[in-house]
Amino acid sequence: MTGALALKRAAPSLASGQAVRFAPRAAGCWLVTALCVGLPVAAAAQQVVFEGGAVPAPLTAVPADATRGKIVFVQREKGHCILCHALPDPEVRFAGNVGPPLAGIGSRLSAAQLRGRIVDPTQDEPDSVMPAYYRTSNLNRVARPYASRTVLSAQDIEDVIAYLLTLR
Amino acid sequence: MIRHLALLTLALGACTSVAPIRNIAEPRSGVTFTSNDIRKLQNDDAANPGMLWVEQGKALWRAGVEGAGVDNKSCASCHGDAEQAMRGVAARYPVYDAAAGNILNLEGRINQCRVHRQHAEPLRYESEGLLALTSYVAHQSRGMPIQASIDGPARPHFEAGQAHYVTRQGQLNLSCAHCHERNWGKMLLAEPISQGQSNGFPAYRLEWQGLGSLHRRLRACQFGIRAERSAAGSQELLDLELYLAWRANGLPVEAPGVRR
């Protein structure tokens with residue numbers, strides 16, 4: 001299946017030197033995640049081609065950085081995947097459990113499968129409870145500051161994939 | 001067997017007055033997902049910070065409205081003692097009102113009295129005055145089971161609220177049901193997800209450092225999934241409120257609730 005998601009735009013205002021926050025903030029902090037985020041800067045839109053639920057082609061040509069990928073995974077202003085997924089990492093003290101723990105995920109899923117899952121989980125699982133991190137079409141009442149922007153940039157996604165592949 | 005079931009479903013579907021079935025047959029209040037400290041605060045009137053709004057509402061109930069063209073009648077001058085007159089009222093709301101041609105929640109009903117009986121300006125949604133009166137009136141039903149009706153002209157509003165509830169929204173592309181029906185009891189980072197029941201509102205939230213309406217809470221959930229927020233008091237949120245009240249039928253009114 002060739003789902004072309006209208007894409008996106010995003011060169012991160014990146015990152016080196018940003019501190020990783022491992023502990024949750026004050027009560028109910030997920031709610032505030034939204035508007036305090038540095039929004040990505042627009043870049044050229046690109047097409048994503050799905051094969052089944054997977055996306056074989058990397059979204060960028062830049063080599064992926066697993067260290068930065070962990071920051072994307074943990075940080076509130078980025079993927080904040082720890083809202084729903086536990087990690088086998090003693091530095092991560094709090095994590096949610098809406099999604100499965102991701103220990104060993106690097107030996108269970110390929111880069112292409114991980115990319116598909118993060119770009120748009122509904123391609124594989126129509127009723128997925130996970131956000132689509134690189135999709136801008138067919139969304140409903142997106143708040144103005146986020147309209148036609150993806151949650152993560154292409155490079156964020158490549159980096160987080162590289163990080164997940166280290167979890168074996 | 002499966003064919004028969006399918007036929008039965010069709011037959012039921014054809015008859016529009018079929019009673020809808022709740023996904024959560026035995027609802028659980030949001031307070032049961034909070035800490036001991038919060039439960040204690042809610043249950044102790046001397047400590048529950050929401051009681052300040054209830055007290056303020058009591059004073060407003062007795063006071064008239066001053067100003068040009070205004071009928072200087074207090075709520076009490078028509079309704080008498082709220083402890084009797086308002087007992088059980090909040091448990092039935094929102095209700096369909098023929099004069100308004102719409103459903104009214106408690107805030108809407110109070111403002112209807114402000115405008116039509118006191119000839120005063122309506123109180124702004126989320127204003128301290130409206131929060132206080134709403135809390136005071138709702139408090140008179142504390143402990144009584146919610147019994148919202150979705151019959152008759154309320155039904156299309158219920159259905160609109162239900163449609164809103166199950167539709168994905170926002171940049172994070174989640175529906176209310178994804179969190180509050182499929183994942184209640186799980187953790188979002190360090191915060192337990194409740195069933196998202198409405199029986200605790202108006203509620204004092206520690207995060208707000210104040211008391212807020214149900215609509216404020218719903219807007220916070222929309223904000224969290226990066227969705228366009230519906231205006232407080234809007235038709236969308238009224239319809240959603242009716243759906244939530246039906247979902248919560250049987251749970252005790254807690255006003256004023258206390259939440260994180």
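Select His164(B) to begin: this residue is buried, as its relative accessible area is 13% (buried means under 20%, exposed over 50%, partly exposed in between, with a 1.4 Å probe and protein chains only). This is a predicted model, in which local features need pLDDT of at least 70 and side-chain atom pairs count only at pLDDT 80 or more, while totals for chains, interfaces and linings use all residues; side-chain values use heavy atoms, with hydrogens and water left out. Residues are numbered from 1 along each chain as its sequence is written, and chains are lettered from A and ligands numbered from 1 in the order in which they are written.

Next, show the surroundings of His164(B). Not counting residues up to four places away in sequence, His164(B) touches Arg141(A), Gln169(B), Cys176(B), Gln222(B), Ser230(B), Glu236(B) and Leu240(B) (contact means heavy atoms within 4.5 Å).

Now widen the selection to helix H9 of chain B, where His164(B) lies (helices are DSSP runs of H or I with at least four residues, numbered from the N terminus).

Finally, colour chain B by pLDDT, the predictor's confidence in each residue, from 0 to 100. The mean for chain B is 94, and 93% of its residues reach 70 or more. Over residues 5-15 of chain B the pLDDT is below 50.

Definitions and conventions
Helix = DSSP H or I, 4+ residues; strand = E, 2+ residues; numbered from the N terminus.
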